[in-house]
Amino acid sequence: MSLSLGTRLGPYEIIALLGQGGMGEVYRARDPRLGRDVAIKVLHSAVTLDRDRRHRFEQEARAAGGLNHPNIVAVFDIGSEDGAMYVVQELLEGETLRDRLGTAPLPLRKALDFAVQAARGLAAAHAKGIVHRDLKPENLFLTKDGRLKILDFGLAKLTTRAASEEATSAPTEVMSTEPGMVVGTIGYMSPEQVRGREVDHRSDLFSLGAILFEMLTGRRAFQGPSPADTMSAILREEPADVSSFNPNLPAGLERIVRHALEKNPEERFHSAQDFAFDLESLAGPSSGAQPARPTRAPARRKLLLAAGIAAAALVAGVFLGRTFFSRGGADLAAYHFTVLASEQSVKFWPAWSPDGKAVAYAAEIDGVL
């Protein structure tokens with residue numbers, strides 16, 4: 001279904017055709033109610049004419065619309081007009097990761113930053129039970145301000161192979177198999193996808209690992225002379241070492257990539273959050289990435305740390321002194337230690353009960369409980 005300039009689709013006014021993809025045409029449109037421009041994806045008739053697919057689309061679009069994360073494209077609305085189904089999304093300015101990649105690797109800082117952002121978006125979706133199923137550079141959008149946005153969450157399984165081949169060099173494949181349906185893009189599919197098995201969030205992590213490999217090397221992790229050869233490589237072959245393409249990559253990056261690309265999903269990262277955390281730890285504070293996990297340790301952990309440092313101080317003989325406290329007739333000492341090797345000051349002092357008796361000691365490390 002092709003729409004001309006000025007056509008109305010529900011309340012939206014079509015402004016221009018932005019492109020064509022595996023699921024249909026994408027248009028720039030104006031929402032006069034809110035005075036903003038949006039992107040509208042109009043689905044192919046192969047989807048809209050199939051009752052089961054229409055139902056699945058509505059379910060998946062509602063689920064995707066419930067995701068609110070800076071690294072996931074926002075879904076505003078779904079609707080139908082004259083038999084055409086459409087989904088309304090935020091309008092993005094920029095380019096896809098595929099456009100940015102070309103055939104050359106990205107700078108290390110950029111590759112790590114994009115991978116961390118993608119992992120964060122995946123973590124938010126996985127937390128709500130939504131798996132992408134078709135993560136690839138074409139579905140990762142880079143905005144002009146450097147933000148990465150994941151496109152088409154939960155919608156990939158509706159795509160038909162015939163429609164996909166019209167518009168992209170990395171078409172989504174949908175093939176019937178005995179145990180189930182193979183849905184994904186050859187070269188980025190997980191082994192369980194290739195086998196037509198049920199997939200979970202760890203399949204997305206494999207795909208992200210393949211994308212990270214490509215960002216670092218400028219080459220695909222798995223690519224053969226034919227689709228069958230590529231799928232066979234995913235099942236049986238290990239990708240080349242990323243360090244073989246760039247020996248200056250930091251130590252530990254090879255382990256992260258291989259961990260994501262494990263054939264057995266049980267041996268991969270357990271979550272996208274873990275993936276992001278490892279990448280952030282490797283990038284260091286200069287990357288500007290925010291930690292994926294809280295950095296403040298619980299009080300119990302800090303207390304144990306204080307006790308450990310104090311014990312080390314006693315063993316090392318670096319006890320510096322004590323100060324006596326008097327309360328309720330009891331003289332008790334607050335001990336001060338300094339562990340010279342770490343230059344951390346540890347202080348123990350009495351905690352008082354209502355009747356004036358000391359019942360416990362609290363600990364402080366450099367002024368932080």
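Colleague: Which residues have the most contacts inside the largest nonpolar core?
Modeller: In this predicted model, the largest nonpolar core has 59 residues, and those with the most contacts inside it are L97, F153, M215 and F275.

Colleague: And what is F275 in contact with?
Modeller: Leaving aside neighbours within four places in sequence, F275 is in contact with L205, L208, G209, L212, I256, A260 and F269. There is also a second, separate core of twelve residues, and A29, V42, A84 and V88 are among them.

Colleague: Switching to the open sheet, what is the order of the three strands?
Modeller: The order is β7-β8-β9, with antiparallel pairing, and the edge strands, each pairing on one side only, are β7 (94-96) and β9 (148-150). Neighbouring strands of this sheet are turned against each other by 25 degrees on average, direction ignored.

Colleague: How many bridges join β7 and β8?
Modeller: Three bridges, in the antiparallel sense, pair β7 with strand β8, which covers residues 140-143; E95 stands opposite L142 in β8.

Colleague: Which strands does helix α4 touch?
Modeller: Helix α4, residues 108-127, packs on the sheet and touches β8 and β9, and the direction of the helix makes about 40 degrees with that of β9.

Colleague: Another topic: where does T230 lie, and is T230 buried or exposed?
Modeller: T230 lies in helix α8, residues 227-236, and T230 counts as buried because its relative accessibility is 5%, where the cut-off for buried is under 20%.

Colleague: What does T230 touch, then?
Modeller: Not counting residues up to four places away in sequence, T230 touches I186, G187, F222, Q223 and G224.

Definitions and conventions. Residues numbered from 1 in each chain as written. Predicted model: local features only at pLDDT ≥ 70, side-chain atom pairs only at ≥ 80, totals over all residues. Heavy atoms only, no water. Pairing = 2+ DSSP bridges. Helix = DSSP H or I, 4+ residues; strand = E, 2+ residues; numbered from the N terminus. Axes fitted to C-alpha atoms, helices over the stretch in contact; angles between N-to-C directions. Contact = heavy atoms within 4.5 Å. Buried < 20%, exposed > 50% of the residue type's maximum accessible area, 1.4 Å probe, protein only. Core = buried A, V, L, I, M, F, W, Y, C linked by side-chain atoms within 4.5 Å.
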